[in-house]
Amino acid sequence: MYFLRRLAFTIPLMLVISFLAFGLLHLAPGGPFDKERAPASPEIKRALEAKFHLDEPVWKQYLRYLGGVLHGDFGPSMKYRDHTVNDIIAQGLPVSVTLGALSFCFALGFGIPLGFLTAARKGRWQEYTGGFLALLVICVPALIIGPVLIMTFALKWRWFPVALWGGTWHAVLPTVTLGLYFAGKISRLLREGMLAVLPAEFITTARAKGLGETTVLLKHAFRPGVLPVVSYSGPLLADLLTGSFVVENIFQIPGIGVFVVNGTLNRDYTIVVGLVLIYAFLILVLNLVVDLAYGWIDPRVRA
Amino acid sequence: MMPSATAPWERPGAQRCLRNAPDGNPCLLLLFLLAALLFTGCARRGPRADLVIINGAEPESLDPGILTGEADGRIALELFAGLMRYEPTNATPVPDLAEGWDLSPDRKVYTFHLRPHLAWSTGEPITAGDVVYSWLRVLAPRTAAEYAGQLFYLKNGEEFNTGRITDPAQVGVRAVNARTLRVELKNPTPFFLNLCALPTLRIVPRQAIKKHGDRWLMTRPVPCSGPYELVAWRINDRIRLRKNPRYWDAANTRCEVVDMLPGTSANTALNLYETGEADIVWDKNLVPVELLDVLLKRPDFHSYSYLGTYFIRFNVTRKPFDDSRVRKALTLAIDRTRIVERITRGGEHTASSQTPPGIPGYDPPEGLGYDPAQARRLLAEAGFPGGRAFPSFDYLCDNTSHLHEQIAVELQAMWQRELGIHAEIHKLEWKTYLRAQGGLDYDLCRSSWIGDYNDPNTFLDMFMSNNGNNRTGWKSAHYDELVNLADAQADRAKRAEMLRNAETLLVRDEVPIAPLFYYAGLDYYDANRIKGIFPNLLSVNPVRAIYKVGVESVSKSTPQGAAANLPPAPQIAAH
Amino acid sequence: MTDAESPNRRAWRRFRRNRLAVGSGAFLFSAILLVVIWPLFATPRFASLLPRALTWKPTTLSDDQFRPPDLAHWFGTDVHGRDLLSRVCYGARISLLVGALGACVSLFIGVLWGAIAGYFGGCWDALMMRFVDVLYSLPSILFVIVLIAVVEESFKAWLVRVLSSDAGAAANLLLLFAGLGAVSWLTMARIVRGEVLTLRTRGFVDASRALGAGHPRILLRHILPNVYGIIITYLTLTVPSIMLYESFLSYLGLGVQPPQASLGSLIAEGASQINPIRIYWWMIVLPGLTLASALLALNFVGDGLRDAWDPRSTRE
């Protein structure tokens, strides 16, 4: 019932989000056809704007856009005139999803063990080193990690291609660049979650029962400790699946990550709202999944 | 209540929920990661093209009638032919689909004769009717082509576009028969043949457009009239071109398969070139500026003068910039050499006139140079001795390149030091900047202009009183008169003289703009391996003439297998 | 058993014992102090007392382009010949403000929002969390652009009228801060809500209610202290995330106005320096190290605070 209620909320929420995005973007000065070189006569610009219905009031444009979306047509792109938004999303989304899924697995696959280790070995050298490493990757942006990795592994040692997409080898460096930061964050969150649980009585009981330290941690402390990570994973996955601007820019990966930022800067209304809709859908669904997982992991939560 | 000693999930009733709960074993995730990685191996890049060129920004459109970007134009020139095309060595217009033409004595009527047996890549014949269709399409108000102004030189071109005339038959282009085209111009236009080579005037397939409307470029195959046809277009990935065997000059098209890659980051473009994934990089924005002093010394970096100017606009409707002495003072206080040597570092030449030198038949006038003493005198004359009482003013620049910000910082320091006046730098986001500039909502702003064709007209007519590209608020009836007279003038030498007078008024007497430097293009490719590229003012390098030494025009295929997915490292001249 | 000591004093005593946290705290405090009072000393009056390298102003151009670090310029110079050390110090001020603002917004708005949503549950929770979802789905860069483009002129005019003409120059910066603050509280709200959801079913909550405690008291005195740990940890994760977002905005050309700088903008400038041919390493390494050391220190302090304040901590 909770599940269905939440799902029913999704549609009106997406409407609200799309309207806000549409409205905000129209609020920003300038339009998609403002160029450094003005056309020879103002009529040309007017004709162009009329062609894309930009001369209509914003609410009317929004309704027209909504009508299109309900038929599955996200509209033409105003910057890439030969493509529709459907074309762009169909080409770019699989790439971003692949890269995002890989980075997510990387982040969890390295973050969780690291976090576990730093919590389990509190006070010893493993904690200090692990903690330091995690903090380091959080402080260094992908803007720097990416080029450094390219310079070392792609240019100097020629292990991987330097940019572009297509094939297993092209995916490695972008995945690491994107995933490192989140691995660090996840490890910190897990460590925190577990340390918060360790003083509880049931842990003492488990230890008193004679269970080994690792079993205690793995079987008893891990599950409540992973809750903050679970909260964080929902939005994280949504962010990753819709592509990262910096990584796609540095590695020239043909995903959709660059389109939200570039679309905003170019006032390409249709593509920004289209991508916002996809992102909103992912966020809402993934948050629902996270909330359900909460109830699963910790039955006390069931409202 | 006593604190519980059992963990929550050990209580009865909780068991059934958790029997199937996984341990969240990270090993499973790593396995999944590995599997997914192998799965991405399915999306391979395919065999490498004969020639890989990093072209510039991703094209907004490949429709030659509506595109406006330089990078877009470079690809459209390969796909669609026109009456004229560019000569590879010096970018002069030479016959393409037209094998010859007759010019009337008053120089207003051209009669073009098309070659025999012209055909689209899909087999249909190309006729003069196609030319008429293409040009009328650009002029049609419905198409809303931003460069329709290039066809305003036709009789009734502007009237048809603005809707004053609705009958397309009245426009000065007519197909006399399948191979003869009659073009009537409004005025004798000495650069009309240059215009015929531009993308806007190229021939588009009416059969495809009538059938598919705006989606005609998304269908495969697209009928192409140029040396190449469009095989694949993956946005932000690459555009693959293949030799069009039905092009009239197909025998001279050197490479079979060409990939045009988009480039957004200068460092990435350089890396792709260094590892041999790209053969040529030809976009001046794709050169890392910090490395220019090292790169220019390398033989594979080719610098050349480019038909573009970087200048400052003054808003002459705002005080104190309505006084030409103030404008001249600010212009004279700029040390252009420092900017060109320290900031842009690409071998640009400092500018005193708006039109870059090198246009055949035109000698630009001398503008204002660097004379801080004279600048201080003029400023004192205008009522601000030593910069006292001079209000703090805004200098607008945009966020598209760090160079603009760096140049702004230098200018701010120069004006402070030499004249004692304070400029506030405003870095605006691109569209906001365009709005501010268009709405005359600025004091000074940075600007640039790239010429479309080799004629000073493309740099000068924008400053006429009613031209939409003026954007300074400067109106001069005398200037308008000079430019209009020059346009109507048939004699080339007299015309050049008139334009020179107009430009002197612009850059020496009234100074609503302050030119800083002329752009320099920078292409990089290994000149020992790649032949057929010749640097020229317009930066036009037809791909049909480019070839790799020692490579037959057959596409190479790389061996399959993960490790061999990388192309072999080439022997480029070492740094 | 326990002596009559207030929890605050006990926490402070525990904090003092943690040498790493105290050391980092001292480092941070002195760095902040230095960065704040630096402009007062970099004036001609003190020029004779200080070594030359400490007297540069961050906006003075010179002919010494791209000088590596040496005695005259401890951090080297940039493309305009400006001293990098002074730019890093001035930039650190702005970055500190950015981080502090993000932390405050995250702490006050985010924690309260999440706590209220988690505590009341049901309809309130759904409504408040959906609001967070809506804001989260909108691209933050949209906010920043619209805020700056639409509001700047009128905000600037207002500032000049109310404060002084110099304050007008800060308009852009303040709007940037507002844009950054607007996006920083969302994930904190979600995380706190998750924790509070778990905690509100616990025994001590029922006990407090039985004793007659009202909702605010239960929330602030009983539930939130249990969440301090995760709040502090997440706060120490929010500050770097905000500073890096500011760096991303500078990379796009939307950050602080020239000739000002922030650590984020210096790092974004430096990022373009990484190439195989020649790296002006001081342009990227030095601002990066400054940022990294500040954030590391912040993290250790945060850890120490968490250990000191945690009511369930068994360490004494």
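Colleague: Among contacts in chain C between residues at least 6 apart in sequence, what percentage join residues at least 24 apart?

Modeller: For chain C the figure is 65%. This is a predicted model, and the percentage is computed from its coordinates. In chain B, residues 24 or more positions apart account for 68% of the contacts with a separation of 6 or more.

Colleague: How many helices and strands does chain C have?

Modeller: Chain C has 12 helices and zero strands, and from the N terminus on its elements read α-α-α-α-α-α-α-α-α-α-α-α. Its C-alpha trace spans about 75 × 50 × 45 Å along the principal axes. Chain B, by contrast, has 17 helices and 19 strands.

Colleague: What share of the residues in chain C is buried?

Modeller: Start with the cut-off: a residue counts as buried if 20 or more other C-beta atoms lie within 10 Å of its own. In chain C, 49% of the 316 residues are buried. For chain B, 49% of its 575 residues count as buried.

Colleague: What is the average pLDDT of chain C?

Modeller: Chain C averages 82, and 94% of the residues score at least 70. The scores for the model are ipTM 0.89 and pTM 0.87.

Colleague: Now the contact between chains C and A. How many residues does each chain bring to the contact?

Modeller: Chain C gives 47 residues and chain A gives 49 residues. On the side of chain C, helix 4 (122-137), helix 5 (140-162), helix 8 (186-199), helix 10 (215-251), helix 11 (263-271) and helix 12 (281-309) each supply at least two residues. Helix 10 of chain C provides the largest share, nine residues. By type, the side of chain C that touches chain A divides into 29 nonpolar, 14 polar and four charged residues.

Colleague: Moving to chain B, in what order do the four strands of the open sheet run?

Modeller: The order is 4-5-7-6, with antiparallel pairing. To read the edges, look for strands that pair on one side only: here these are strand 4 (98-103) and strand 6 (173-177) of chain B. From one strand to the next, the twist averages 25°.

Colleague: Over how many bridges do strand 6 and strand 7 of chain B pair?

Modeller: Strand 6 and strand 7 (residues 180-184) of chain B pair over four bridges, in the antiparallel sense.

Colleague: What span should the 12 residues of helix 4 of chain B have?

Modeller: At 1.5 Å a residue, helix 4 of chain B should span 16 Å, and its end C-alpha atoms lie 17 Å apart, which agrees.

Colleague: How many of the 12 residues of helix 4 of chain B are buried?

Modeller: In helix 4 of chain B, nine of the 12 residues are buried, and the helix is mostly covered. Among the buried residues are Val131(B), Trp135(B), Val138(B) and Leu139(B). Asp130(B) and Ser134(B) are also buried.

Colleague: What covers the buried residues of helix 4 of chain B?

Modeller: The cover includes strand 5, strand 6 and strand 7, together with helix 5 (157-162) and helix 7 (206-212) of chain B.

Note on methods:
Residues are numbered from 1 along each chain as its sequence is written. Chains are lettered from A and ligands numbered from 1 in the order in which they are written. This is a predicted model: local features need pLDDT of at least 70, side-chain atom pairs count only at pLDDT 80 or more; totals for chains, interfaces and linings use all residues. Two residues are in contact if their C-beta atoms, placed from the backbone, lie within 7 Å. Two strands pair if DSSP finds at least two bridges between them. Axes are lines fitted to C-alpha atoms, for helices over the stretch in contact, and angles run from 0 to 180 degrees between N-to-C directions. The expected span of a helix is 1.5 Å times one less than its number of residues. Ala, Val, Leu, Ile, Met, Phe, Trp, Tyr, Cys and Pro count as nonpolar, Asp, Glu, Lys and Arg as charged, and the others, Gly among them, as polar. pLDDT is the predictor's confidence in each residue, from 0 to 100.
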